[in-house]
Amino acid sequence: MSIYTLIPLLPLTASFILILFGEGLQGKGHRLVIPAVALSFLMSIVAFLDVSANGPIRVHLYEFLDVGRLSVDLGFYIDQLTVLILLLVTGVSTVVQVYASRYMIGDLRHSRFFALTALFTAAMTLLVMSSNLLLTFIFWELMGLCSYLLISHYAERPSAARAATKVFLVNSVADVGLAIGVVLTFLTFDTLDIPQILAIAESGADIPTLSITLLTLCLFCGAVGKSAQMPAHIWLPFAMEAPTPVSALIHAATMVNAGPFLLVRLSPVLVLSPTAMMVIATVGGVTALFAALVSSTQTDVKRTLAYSTISQLGFMTMLCGVGAFVAAIFHLIAHGFFKAFLFLSTGNVLAATHRHVEEDAKEKGPSRAMGGLFIGALILSVIPALVIFSGPYGYLWLSQSFSAANIALWIVGLATIFFTAIYLFTSMTTIFHRSPPGAKDGSPTVIATPFSAKHVTGVVVIATVMVAVLIVVWRWFAGFLSPAVGGLPIQANMELSVWILVPLAAAVGGWVVAYLGFLRPKTLETPRWRKKLYVFFLNKGYFDEIYDVFLVRPTIKFADWMWRRIDQGIIDRFVVTLGSASVGIARWLGRFVDTAGISRTVESIGKDIDASGQAARRYEPHTLQHNLLVVVFWLIAALGFFYWIVG
Amino acid sequence: MSSLFAEHILTWMILVPFIGMVALLFVHERKWVLVTTLATTLVNAALALQLWVSFDNVEKGLQFVERVEWMPTFGIQYAVGVDGISVLLVLLTTFLPPLCVLGSWDSITTRLKAFMMLILLVEGAMLVVFTALDAFLFFMMWEVTMIPMYFMIVLWGGPNRVAAGLKYVLYSLTGSLLLLIGILALSLQAGTFDILSLAGYDYTPDSEFWIFLALFLGFAIKLPMLPFHTWLPDAHSEAPTAGSVLLAGVLLKMGGYGFIRFCLPIFPEMSHAFAPAVLWMSVAAVLYGGYMALAQVDLKRLVAYSSVSHMGFVTLGIFSFNNEGVEGAILQMVTHGLTTGAMFLIVGQLYDRTKSRSIADYGGLQQRMPRFVAILSLFAVASFGLPTTSNFIGEFLILVGVSYENFVFVVLAMGGIVLGAAYMLWMLQRVAFGEARTEAAKKMTDLNTREMWTIMPLAIAVVAIGVYPGPLLEAMDASVTFVVERLASIL
């Protein structure tokens, strides 16, 4: 038992207390949960210091399973990767809980909310600390449950109820892949212990590449689900039905981060299969670009944010796919803090003015200071992505043997940055600075520019400082994390090269385009192909509709058809016919032997027998006796059969 | 503790329900009938706990064996004993009846005493089935379990009860007769009814196939396996709550138990030869049952079809012939008893309020019944094997076990779990969330203390096994290893 057990145990205990005694503690849940989560944040700091001084820690709690060849210990493996994510999870969670303690005042399901958010946090910390792939899977699923229950928080809204089911189902389909991956991992490595698996993978043991590829892709399938990669990305926007603090939790701290975490956790295994890496990079890249495009067309603030998260996660996944694991985690953490901030401030704006879509935006948002912070956050979100295009990882891109794919990844990466810049600019300005379009009839369609020269200077200054800080932080970060991840060692020379100018240019280009689009009068004609493209992305590529029409509805219809035609129509009809026939024969026999009490009403014999069970009702008055006769009948038949076999 | 008690604990457990039945004859007041039955079942549950505590996990053979000559002419004995496999099923058998009594506290209004007697009769007979070491005794009590169930369905059941009862009896009788043929054929050749000795005998190759088939079908109908499952939705949905709980919770397990006790040890070669077909049928059952559940509009039928799916997992595990698979299957039987029992109790609680089992008649229960919805959500997710609940452990072990055989089964069976998530959550969405669709659903009251007491033991058990399955697995490990190793050495 180590004190680090407290990191998940504190929120877990708080959650259990609220689940069991929540009715009595209505409205007081946050007083329990905030200290619990804050304490586990402090414990995480201790763990961080411990790990950076003494290296990875292993904690053994108890034996979970020991059956045949399978043996699973419930324990923790705390290494550099774990502590970093722990800091993010518990830190963001603490902030979110504090925020929620105000946000949720007067809510009907106050206790339920805090019980579940605490459980959510506990599950994520357990996931990142788990030393066993099976336990990882268990907590992975537990998070799915938490998200399900939190999304259905406003259960009386049918949309929330539907969204919750949809989110869970999308995830559970993807988790089939993960579960299969876990079993495959066990078959391949003969253990599910993560440190052992990593050691085997790093030792260069002779493992067939095919099984590595298969298991990696299966595990990746789970990551696709949890991290909302295409084609499973549709769940994340639905998750917005949850109260805003939950969205912040899902997007920044828990849930979606599990995907990149899993990939990085198993990075030594991943790099053994170039094919799997290629698939991961492709899926990530496509998602990043697609979601960025969708995001730039959405009019709903929360949906913009959802697709922006999808896009950023796609980016992280792509980074894992090209072997830039350290950069992926760097991006993950930067994005986590940024997104949490963005959500909580959006939530404030929306809650303050009671508007859910930008069209309703009537007034200017909160203070300029907030806007300034926003710009900082924005730069923070774009720049980590820039880092990997240059310096330490430049060689990765160049060393890929397939140059076409290499170029494609470059293009996708740059295009993503470009569009990220556009949508961040648009949504930010609309929330905080812009007057609503169409609010004033007859007024000039050109809207006052949000940024004066002063602002621009400010931005430049902040950007410079950020980049400088970033470089320092990045160098420390890469040095700290690299022992915990697999793949090629990061070059000792971690200077940023000139290549950083290219993605920077892409980002600035995006800003400029967005800014110009902003100035341009809305009445200008746009070419038809652009309109079509716009509509396509506005409708999020029609993924929801495609799933609904081609997958969900046919499944339910077919199930219904099968139940009526096969289960009732064939199997049941056969049995009922057989049953009725034997009752009939028994009756007929009974009449012959003149058993007392047998009814004379045999009008039903020989008639068409209805398929449904109700037909048998006709025999109701004499059920018991008939049953006995059926027994006799079958007994005779059975004895004859028996005689035939044995005799 | 006196040796009379300690050495004969199994006999005492078997006797207690029958003593309770006799005692009920002298009790007339409604309240005291209920209390007497509850006390009897609780005593038995306590005895079962005592049995579990004094059970030796390391011992691979039978424990607490008692043998008395019964019909010496035919070599029939009263012989009981438990090993690691049966001790868990005995625990399950004694765990559910007290909850059944609590669950039918208010809902059984007519012929209460008879109903309580039937519950006790089922419990007593089931205990004999799971502990019998004599094939004749086993078969006799196997038959006895059928009769109280039939009466429960026909006398206290829903609107379509007679047809459902008839169907149940027809199926069960067919199964029983096949079983009778099998057991008679076995003992005629081996010259004994002792189950352990039956396993050691070499049967003539010609008859082996047919005997195996008869036994197999007998158990397959009870379990039920795929083409023999249509009695189950009718029987479950028409039976009163306690009947459904006992039927799904305990009676179905006789089939799985029979496979492990008879088919595997007595006919290892035949079992092995049949295994591919059985595995395919199991996977089909997993998917088909889940698919059928998706189409149901009746809560009880939905749960019933989910049982078909879960029982598919049980056969999948048993016929993969390794520790992981068989232990997973036994655990799955136990946990399915808990979760499905709970689901039927829950549906019963709804039915008590509105007299409707139709999903469409509910909706928006979360506003008025937060406790109920919390419990329902827990068992809905437990039912499709969400990790940290007990069913996950069983299903995962089964998947690992069957993965040694053929990986295709893992992939297909996982589909069943997704279907499980789909029908359970869809049900939850329609019943608990959204807005109330009927007037009755708007006037629902939350669970009262008695109802919470009915369901909480199951909730605790489900979560406890889910996070710490060790004790159950350790209890069965030695016995299962014995069975599996013996099988492996023969093949």
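User: In which hand does α13(B) pass α14(B)?

Analyst: The model is predicted, and within it the pair to consider is helix α13 (residues 268-294) of chain B with helix α14 (residues 299-318) of chain B. Where α13(B) passes α14(B), the crossing is left-handed.

User: What is the relative direction of α13(B) and α14(B)?

Analyst: The axes of these two helices lie 7 Å apart and the packing angle is about 160°. An angle over 145 degrees is the cut-off that applies here, and α13(B) and α14(B) are therefore roughly antiparallel.

User: How many residues of the contact of α13(B) with α14(B) are charged?

Analyst: On the α13(B) side the contact includes B:V278, B:L279 and B:V286, while B:L302, B:Y305 and B:F313 are among the residues that α14(B) brings. Divided by class, the contact has 13 nonpolar and seven polar residues, and the number of charged ones is none, that is, no charged residues.

User: What is the relative direction of α1(A) and α2(A)?

Analyst: In chain A, the axes of helix α1 (residues 6-21) and helix α2 (residues 29-54) come within 8 Å, and they cross at roughly 170°. Residues that make this contact include A:L10, A:A14 and A:I17 of α1(A) together with A:L32, A:A36 and A:M43 of α2(A), and by class the contact has 14 nonpolar, four polar and no charged residues. Given the crossing angle, α1(A) and α2(A) are therefore roughly antiparallel.

User: Which helix of chain B gives the most to the side of chain B that touches chain A?

Analyst: The contact between the chains takes 54 residues from chain A and 54 residues from chain B. With twelve residues, the helix that gives the most to the chain B side is α7 (residues 161-190).

User: How many nonpolar residues does the side of chain B that touches chain A have?

Analyst: Sorted by class, this side of chain B has five charged and 15 polar residues, and its nonpolar residues number 34.

User: Which residue takes a positive phi in the hairpin of β1(A) and β2(A)?

Analyst: Strand β1 (residues 57-67) of chain A pairs with strand β2 (residues 70-78) of chain A in the antiparallel sense over nine bridges, and A:Y62 stands opposite A:L74 in β2(A). Two residues lie between the strands, and the one with a positive phi, near 55°, is A:G68.

User: What is the omega of the cis peptide bond that joins B:L223 and B:P224?

Analyst: Most peptide bonds are trans. The proline B:P224 is found in the loop between α9 (205-222) and α10 (231-238) of chain B, and the cis bond that joins B:L223 to B:P224 has an omega of about -10°.

User: What is the omega of the peptide bond from A:M230 to A:P231?

Analyst: A:P231 has its place in the loop between α8 (209-226) and α9 (235-238) of chain A. The peptide bond from A:M230 to A:P231 is cis, with omega near 0°.

User: What is the phi of A:D190?

Analyst: Most residues other than glycine have a negative phi. A:D190 is found in the loop between α6 (158-189) and α7 (194-202) of chain A, and although this residue is not a glycine, its phi is positive, at about 65°.

How values were computed: Residues numbered from 1 in each chain as written. Chains lettered and ligands numbered in written order. Predicted model: local features only at pLDDT ≥ 70, side-chain atom pairs only at ≥ 80, totals over all residues. Contact = placed C-beta atoms within 7 Å. Helix = DSSP H or I, 4+ residues; strand = E, 2+ residues; numbered from the N terminus. Nonpolar A, V, L, I, M, F, W, Y, C, P; charged D, E, K, R; others polar. Axes fitted to C-alpha atoms, helices over the stretch in contact; angles between N-to-C directions. Parallel < 35°, antiparallel > 145°, perpendicular 65-115°, else oblique. Left-handed = near helix turned anticlockwise from the far one by under 90°. Pairing = 2+ DSSP bridges.
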